[in-house]
Amino acid sequence: MTLENLLAGRLRIPAIGAPLFIVSSPKLVIAECTAGIVGAFPALNARPAERLRDWLAEITAALVAHDRVHPQRPAAPFAVNQIVHRSNDRLEHDLAVCAEFRVPITITSLGARRDVNDGIHAYGGVVLHDIINNTFARKAIEKGADGLIAVAAGAGGHAGVQSPFALVHEIREWFAGPLALSGAISNGRSIAAVRALGADLAYIGSALIATEEANASAAYKSTVASSRAEDIVYTNLFTGVHGNYLRQSIVNAGLDPKNLPLSDPTKMNFGSGREKEAKAWRDIWGAGQGLAAVKAVVPVAELVERLAREYADARRSLEADASNSGRSQTAPSMLTS
């Protein structure tokens with residue numbers, strides 16, 4: 001099965017809801033898929049490990065029921081994120097459970113592994129691997145990933161530092177397969193820009209935190225809805241890997257966002273001293289730079305409706321610009337005015 005076949009006729013907009021640690025649960029995934037975007041969750045969110053089977057059963061049943069009632073607009077497929085780093089002692093168990101349910105899309109992170117990809121392909125699943133630069137992208141495809149998720153500057157959580165313009169260009173020089181792009185995407189114009197850049201899908205995270213179905217505290221959701229790009233802090237203190245976090249949550253933890261020490265990236269820990277008390281992802285809130293477009297906490301369906309409306313408007317505007325490209329050289333232009 002190819003990703004194109006999986007998605008055919010099932011997307012309202014070309015988008016994947018990013019798997020958000022703690023925040024993504026069956027309730028959120030079901031809402032995303034039935035609204036018309038790929039819903040995803042990290043396998044590690046199901047705790048203890050035995051709960052993963054219950055989560056997959058719940059999601060699968062809900063999507064089958066939706067399709068039965070709405071055959072004219074079937075739900076989008078869902079994805080499970082697997083941390084394939086050797087430190088994940090649940091990986092073998094979680095992969096086996098996902099194979100049992102024939103999870104359609106697997107998003108792999110923190111290392112590309114041929115054995116993992118082969119196991120997913122064996123039951124017909126599709127593998128997308130998230131990367132932050134072109135070197136990692138090549139390694140992922142060489143090891144059997146079907147597609148890539150380019151995590152560019154401005155994305156929430158463990159984000160890269162490269163411009164989406166540069167990252168997508170370098171990947172598209174050699175790779176023509178499925179490509180999603182992440183980084184401050186929270187309105188329909190950004191989704192249109194993703195497509196214009198040459199990527200296939202937008203990878204949306206922060207905007208989905210501020211939804212009614214998200215498994216996040218009311219304070220987290222309201223802070224996302226009231227913040228802007230300047231409220232994001234990029235640091236490796238909390239997990240050993242650089243990521244973007246809400247400034248207010250760092251302040252709430254008793255830390256100074258302007259004077260955060262560096263963590264040892266080889267230990268993947270939560271740091272030492274006072275900051276150790278602030279459990280990353282629970283007390284320290286991840287978010288990306290695209291928050292200005294998020295104005296309120298709303299149901300997922302309402303968010304997707306807004307994105308779809310804005311995306312359609314942006315596409316019409318681009319088409320109108322294209323049709324007017326042959327106008328007189330003396331005509332006024334937005335580029336020169």
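Trainee: Is arginine 113 buried or exposed?
Mentor: Arginine 113 counts as buried, at 16% relative accessibility. Buried means under 20% relative accessible area and exposed over 50%, with partly exposed in between (1.4 Å probe, protein chains only). This is a predicted model, where local features need pLDDT of at least 70, side-chain atom pairs count only at pLDDT 80 or more, and totals for chains, interfaces and linings use all residues. Residues are numbered from 1 along each chain as its sequence is written, and side-chain values use heavy atoms, leaving out hydrogens and water.

Trainee: What does arginine 113 form a salt bridge with?
Mentor: Aspartate 115, with 2.9 Å between the closest N and O atoms. A salt bridge here is a side-chain nitrogen of Lys or Arg within 4 Å of a carboxyl oxygen of Asp or Glu. Aspartate 115 is partly exposed, its relative accessible area being 46%.

Trainee: How many salt bridges in the whole structure?
Mentor: The search finds 8.

Trainee: Switching to helix α12. Where do arginine 306 and glutamate 310 sit in it?
Mentor: They are 4 residues apart in helix α12 (residues 300-323), so about one helical turn separates them. Helices are DSSP runs of H or I with at least four residues, strands are E runs of at least two, and both are numbered from the N terminus. Arginine 306 and glutamate 310 form a salt bridge, closest N and O atoms 3.1 Å apart, and both residues are buried.

Trainee: And which residue does arginine 316 pair with in a salt bridge?
Mentor: Aspartate 313, at 2.3 Å between the closest N and O atoms. Both lie in helix α12, 3 residues apart, about one turn. Aspartate 313 is partly exposed at 38% relative accessible area.
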